[in-house]
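Please keep the sequence and the model in view while reading.

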Amino acid sequence: MADAAPVDDLVVEDLHVRYGKVAAVNGVSLKVRRGAVVAVLGANGAGKSSTLNAIAGNLRASISGRVTLLGGAVAGLRAHAIVQKGMALVPEGREIIAPLTVEENLLLAGYGGRAGSEEPRLLADVYDMFPILSERRHTPGGMLSGGEQQMLAFGRIIMVNPQVVLMDEPSMGLSPRMVDFIMRSIRKISQRGLTILLVEQNANAALQIADYVYVLDRGRVVQEGAAADLRSDTGIAETFLGLKSHAPA
Amino acid sequence: MLAEQLLVNAAVLGAVLTLFALGLSLTWGALDVLNLAHGAIFVASAWVATRLANSVEVPFVALLVAGMAAGALLAVVAELIAFRPIRRLISNKRQAELSMVAATVGFGFVIDNLVGRATSHQVFSFPIGAFEFRQYDLGVFKAFNIEIIIFATAIIGALLLNYWIMRTRQGMAIRAIAFSPRIAPLLGVKVDNMAALTMAVSGALAGLSGSLMVVWTSGMDISTGHSLLLRAFAIVVLGGVGSVKGCVLAAFLLAAVETGIVAAGYGSMRDAAAFSLIILVLLFRPQGLFGTGRAMRA
Amino acid sequence: MLHFLASWEVFFQTVLVNALLAFSVQIALRAGVFSLAGVGCWAIGAYTLSILNLRGVNTLVAIVAAVAIACVVSYLLSLVLVRLRGLYLGMATVAFNQMVGVAIINGGELTGGEMGLYGVNAPVTTLQLVIVVGVVCLMLWAMERGVLGRAYNIVRDDESLAESLAIDTGSLRRFAFVLSGAIGALGGALNAMLLGIASPTDADFPVIVIALTMVIVGGFHSWRGALIGAALILWLPIGIQSFGIRGMHEWWSVVYGALILGIAVYFPKGLLGGLQKLRSLVDRRAVREATP
């Protein structure tokens, strides 16, 4: 999908993350083009989550490297400042504010984010995209099912109104049918013009919707390329993603 | 003493305790912060109101506002010099709690001594004549205007606080922070600002209760703050951390029990009521009457 | 207390006795048990000794009785408060201390009510104090080493981890609780012997503040911290006053409070922790300079 003048919304250069003496991320560099869906894949412990959380300012660790968001440097900024600059994180495990209702969770995101006067329209959009949330709008977040919580997490992102969205293992703990729905929702969010960087262990699911893919192993990028290429390169798929060698679904 | 008058006494004491304990419960429930300087802030604010009344002729409301402002200011200072750095620098929960206790004890100590110096370590009281006392006969009992004011203020204060927490955006943000200080910033919530705001409200409540109490009683000194602090702790524990209605109920309950004990002639055992309450609640229902149970973690 | 510090020997004795108060808090905190009940036991120790001494009981017997009673009380208290942790436990023990105070004030003839007890005649020499405190230090030192020391560290830092390692956290915590009470009572008894009186203020708020401060300032991870803290906190009022700056002596309490505040926030492991950090920094620099 080549554009006339492709713009990189997010550029990460030589990211290092250390927890004490342990290096979780060893010099990762990646670029996310505007409007694209970029997936970071790899086995457990490859450093995917650390990378994502470090970019989002959601990590208490020793971090070095350059992170450029929409042309501005954001490395080292606190999480809420990064949100104000246009990048938001959907953390692993959804992390819904349990005692708040669905609507309160959404309004809160509108309050803290960049919605401003757009808030009513964004709220309507969320309820449009996820009608179940509209039905359950007065239910406390803690009483939603896993899939509903994921929807709420996405809804919150829409309310925050960022340009770049980071997602940490969105399919975690969901049934295959739900995973399908979630991946399609991510596509829909991308179609709103948002730029998405997602981390996934479920390589199959991620490859369905990604435009570009990075594969991480032991804190380093070992492979990158257009998703289509990776899907057909069975060698890579087996070695790093544990995928069986058959044609993609 | 007539039973009706005892009722009035208990009601007013309960009202003062309500406002004071709400301040403690707010920061404890929202920020996981136990402000042991809350009592010192109470006394300092009362002193400020008294000094103002001694110096200039202002309407009573102005004195209350001054007290609230003083309380809010001191609480925000505590946030800036103690709680914020602890949030930043100390990640271990146990360690943070310990440091918080020590830091607020130190801060309270400083405030206590400053007030002590200003009052020559004597009991200070509201200047006579600065407030016009009037007694009303309400049929069943007699009540002074100040007593009615205090009671009404407490009820209104509790209702306003509840509204703020449950129905406004700021309240949502504060509840979110209370649930997870990690997640709130991911939604763009400015935790530091909210923390400062919460502390300011908490301090204002301490200041309000202090300014009201100093008019009602014959005088107070530093030890009043200590005594109130322990009772407020008992109230918050009994009512459940973070619950407004629990706090109100527990405050009036404790006030009733204490008034009863004193009236029955066991004045020196009055403080035992609060302490016994703490132990009993922690043993049998640690989350309190209306607590969420969340705060009972290690 | 300030009137007493006329001579350095008296100061030294005061430090020794108060070190026991600090130890009682430290031993509990070090085990992750946020208990300030040592202060209440300090009062129990003081009064038990005084009451027995005024009735002619042998001093040594009285001391043993004081410690024994505190042990029993602490043990029972530990059972009652078994499910509590952190702040809740802390405040419950403060409530216990205040109860002790109330009991003392309402004890009528036995405890001398608000006035306390006078005329305790059980002199103690500095050497005896040094020996007693030395033995306690030795015991604490032994408990900080080896398997027991490491076990306590784990219990303090992560209780559920300790459980999963089959460490009997319940017993360890109870033991810390009881030991805290025992040492506190010992200190209280010795204090009563030193001053000749037992007073209801022995269980009061200020004592709790001082005990906590000593441990925070010194550092609660080791008995050495408690000792440093006790010495420093007791010396501070004199030290500040003797600086002689005009008017400075009036502000010593402000300095004192500011000091606790500063150390609690910026040196959570106390001065001892700060010293250790300094030493490791120096060591690291030496290693770096030694390696090409």
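**Cavities, sheet and interfaces**

Five cavities of 30 Å³ or more are present in the structure. On a 1 Å grid over the protein atoms alone, a cavity is a set of points where a 1.4 Å probe fits but cannot get out, while a pocket is an open set with protein on both sides within 12 Å along at least five of seven lines; lining residues have an atom within 4 Å of a point. Grid points are joined across faces, edges and corners, and a volume is the space filled by probe spheres set on the points. This is a predicted model, in which local features need pLDDT of at least 70 and side-chain atom pairs count only at pLDDT 80 or more, whereas totals for chains, interfaces and linings use all residues; side-chain values use heavy atoms, with hydrogens and water left out. Residues are numbered from 1 along each chain as its sequence is written, and chains are lettered from A and ligands numbered from 1 in the order in which they are written.

The second largest cavity holds about 50 Å³ of space. Its lining includes C:Gln26, C:Arg30, C:Leu140 and C:Tyr152. Three residues, the largest share of this lining, come from α1(C); helices (H or I, at least four residues) and strands (E, at least two) are DSSP runs, numbered from the N terminus. By class, six lining residues of this cavity are nonpolar, one is polar and two are charged. Here Ala, Val, Leu, Ile, Met, Phe, Trp, Tyr, Cys and Pro count as nonpolar, Asp, Glu, Lys and Arg as charged, and the others, Gly among them, as polar.

The second largest pocket has a volume of about 1500 Å³. Of the 43 residues that line this pocket, A:Arg60, B:Arg87, B:Arg88, B:Pro181 and B:Arg182 lie nearest its centre. Helix α3(B) gives the most to the lining, with five residues. The classes of the pocket lining are 22 nonpolar, seven polar and 14 charged residues.

Chain A contains an open sheet of six strands in the order β6-β7-β8-β3-β9-β10, with mixed pairing; two strands pair if DSSP finds at least two bridges between them. At the edges are β6 (87–90) and β10 (220–226) of chain A, each pairing on one side only. Within the sheet, β7 (residues 164–168) and β8 (residues 195–200) of chain A run parallel and are joined by five bridges. A:Val199 in β8(A) is the bridge partner of A:Asp168.

How do the chains meet? Contact means heavy atoms within 4.5 Å. Two pairs of chains touch, and the most contacts are between chains B and C. In that pair, 44 residues of chain B are in contact with 40 residues of chain C. Chains B and C bury about 4000 Å² between them, 76% of it on carbon and sulfur atoms; buried area is the accessible area (1.4 Å probe) that two parts lose on being put together, summed over both. On the side of chain B, B:Arg94, B:Leu98 and B:Arg117 supply 15% of the area buried against chain C, more than any other three residues.

Between chain A and chain B, the buried area is about 2100 Å², of which carbon and sulfur atoms give 64%. Chain A and chain C do not touch, and their nearest C-alpha atoms are 15 Å apart.
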